[in-house]
Amino acid sequence: MTQNPGKLLVDNKAIDLPMKEGTIGPSVVDIGKMYAQTGLFTYDPGFTSTASCESKITYIDGDEGVLLYRGYPIEQLAEHGDFLESCYLLLYGELPTKAQKAEFDYTVTRHTMVHEQMARFFAGFRRDAHPMAVMTGCVGALSAFYHDSTDISDPNQRMVASIRLISKMPTLAAMAYKYTIGQPFVYPKNDLDFTSNFLRMCFAVPCEEYKVNPVLSRALDRIFILHADHEQNASTSTVRLAGSSGANPFACIAAGIACLWGPAHGGANEAALKMLAEIGTVDRIPEYVARAKDKNDPFRLMGFGHRVYKNYDPRAKIMQKTCHEVLSEMGIKDDPLLDVAVELERIALSDEYFIEKKLYPNVDFYSGITLKALGFPVSMFTVLFAVARTVGWISQWKEMIEDPGQRIGRPRQLYTGYAARDYGPISER
Ligand code: SDX
């Protein structure tokens with residue numbers, strides 16, 4: 001939908017900038033022709049005011065703390081559905097019927113095995129390799145095994161690649177974990193649901209039967225729903241940019257995993273738990289809050305703040321509730337890390353600095369405590385985020401590839417380096 005154009009006056013010359021209105025949320029000024037008309041670029045290094053694309057998948061209202069997947073509030077999806085239902089919704093745009101859900105579950109389940117030679121990749125890594133390094137390598141390598149689903153111009157191959165990535169991420173993630181602890185890989189079992197299968201591949205050993213705890217499986221499944229997609233965040237934008245060159249989907253998702261690893265992004269769940277452990281006790285919180293506020297100290301409260309949410313991250317509220325559920329199911333009555341997290345949140349949310357800068361706990365603040373209680377080592381936290389976010393990445397990739405107006409992404413720059421200068425012989429330098 002196009003609104004009345006905006007105007008830009010450059011050297012007393014006015015140009016029209018077409019406006020576009022979305023269904024909900026901010027309208028956009030289309031600057032696509034601005035450089036041709038004015039010789040000027042826009043400048044927005046952190047993309048704080050830039051819409052990189054048009055999308056129908058996920059909507060965030062940062063001021064209201066709203067998150068919708070294809071229009072459905074995250075609270076309702078997390079409460080009533082399972083992760084594969086949200087995967088179907090993100091991929092196809094509608095909630096599945098009973099028959100569609102059964103077929104989707106069947107299909108995903110039967111793609112969970114990886115090529116047997118993938119197992120040899122792991123032997124090339126040190127046992128103490130960070131699992132995110134292993135995932136970046138192995139997911140990129142998938143394109144070496146699945147040539148029959150790398151032709152992105154073929155809708156069927158795009159869908160096969162999407163299903164393969166959603167299905168095989170948990171298997172590779174479990175293999176990455178098993179490899180670090182020196183235990184044998186556990187094959188998926190087709191009679192288990194997505195998340196129960198993942199828990200069993202992570203925690204079962206050949207010496208005894210592994211019984212999935214349904215309360216824990218439901219909790220982790222809900223955590224996957226919370227992490228499934230989040231509009232044009234850094235890793236999704238990475239996947240879109242990689243995909244805009246025509247790179248195959250496995251390579252694009254590997255690029256997304258690499259970006260997610262950063263502590264400012266998906267790596268924050270690992271960093272937040274390490275921060276809580278470093279603080280250690282409630283009485284040391286004021287010292288760290290002071291450091292977070294000190295401009296000269298690079299320390300930040302990990303799990304706090306967000307580029308878009310200037311209110312409570314709706315996922316953090318559900319995560320906090322899930323955290324208490326898991327701790328109680330695990331019989332953990334008194335977790336010192338939780339005590340520190342709850343008190344840190346209370347202090348931060350009443351502190352003028354955090355109020356003024358609208359810094360609230362984000363999805364990563366409570367996830368670490370929950371994942372640790374589920375039995376995962378800190379190094380696996382961001383891997384779990386990647387397992388969940390794969391459906392968001394691949395849905396956004398698919399939407400971009402299927403956009404008839406899609407072009408390679410190629411930003412410009414503000415150049416502040418040397419103007420042209422002549423080469424001089426080394427003897428004169
Ligand atoms: C995720 O984009 C997404 O949607 C991401 C994500 C997803 O689902 O994909 O939601 C997942 O990545 C969540 C965010 C996880 N990261 C962290 O928890 C790391 C800690 N948070 C910050 O590094 C920061 O808040 C960011 C990176 C999340 C957001 O950075 P912005 O939007 O660039 O904000 P900023 O760095 O410009 O900060 C604004 C101000 C600054 O102060 P001033 O320079 O204005 O004086 O707030 C301060 C910052 O110093 N600030 C913090 C802070 N976060 C911001 N001060 C202390 N502690 C913090 N955590």
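Predicted model: local features only at pLDDT ≥ 70, side-chain atom pairs only at ≥ 80, totals over all residues.
For Cys 202, the nearest cysteine sulfur belongs to Cys 138 and is 14 Å away. For Cys 207, the nearest one is that of Cys 202, 16 Å away. A disulfide needs two sulfur atoms within 2.5 Å, so neither cysteine takes part in one.

## Aromatic rings

Now look for the rings: the structure holds 21 aromatic pairs. One of them joins Phe 83 and Phe 194, whose ring centres are 5.2 Å apart with planes at 45°, so the pair is tilted. It links distant parts of the chain, since Phe 83 belongs to helix α3 and Phe 194 to helix α8, 111 residues apart. Both residues are buried, and both belong to an aromatic cluster that also includes Tyr 177 and Phe 376.

Phe 365 and Tyr 366 give an edge-to-face pair, with 4.9 Å between centres and 80° between planes.

## A pocket and a charge

The second largest pocket holds about 160 Å³ of space. Among its 14 lining residues, Asp 82, Asp 193, Phe 194, Thr 195 and Asp 221 lie nearest the centre. By class, the lining has 4 nonpolar, 4 polar and 6 charged residues.

Elsewhere, the charged end of Arg 421 sits over the ring of Tyr 418, 3.4 Å from the ring's centre.

Terms used:
Residues numbered from 1 in each chain as written. Heavy atoms only, no water. 1 Å grid on protein atoms, 1.4 Å probe; cavity = no way out; pocket = protein on both sides within 12 Å on 5 of 7 lines; lining within 4 Å. Points joined across faces, edges and corners; volume = space filled by probe spheres on them. Nonpolar A, V, L, I, M, F, W, Y, C, P; charged D, E, K, R; others polar. Phe/Tyr/Trp six-rings, centres within 6.5 Å; stacked < 30°, edge-to-face > 60°. Helix = DSSP H or I, 4+ residues; strand = E, 2+ residues; numbered from the N terminus. Buried < 20%, exposed > 50% of the residue type's maximum accessible area, 1.4 Å probe, protein only. Lys NZ or Arg CZ within 6 Å of the ring centre and 35° of its normal.
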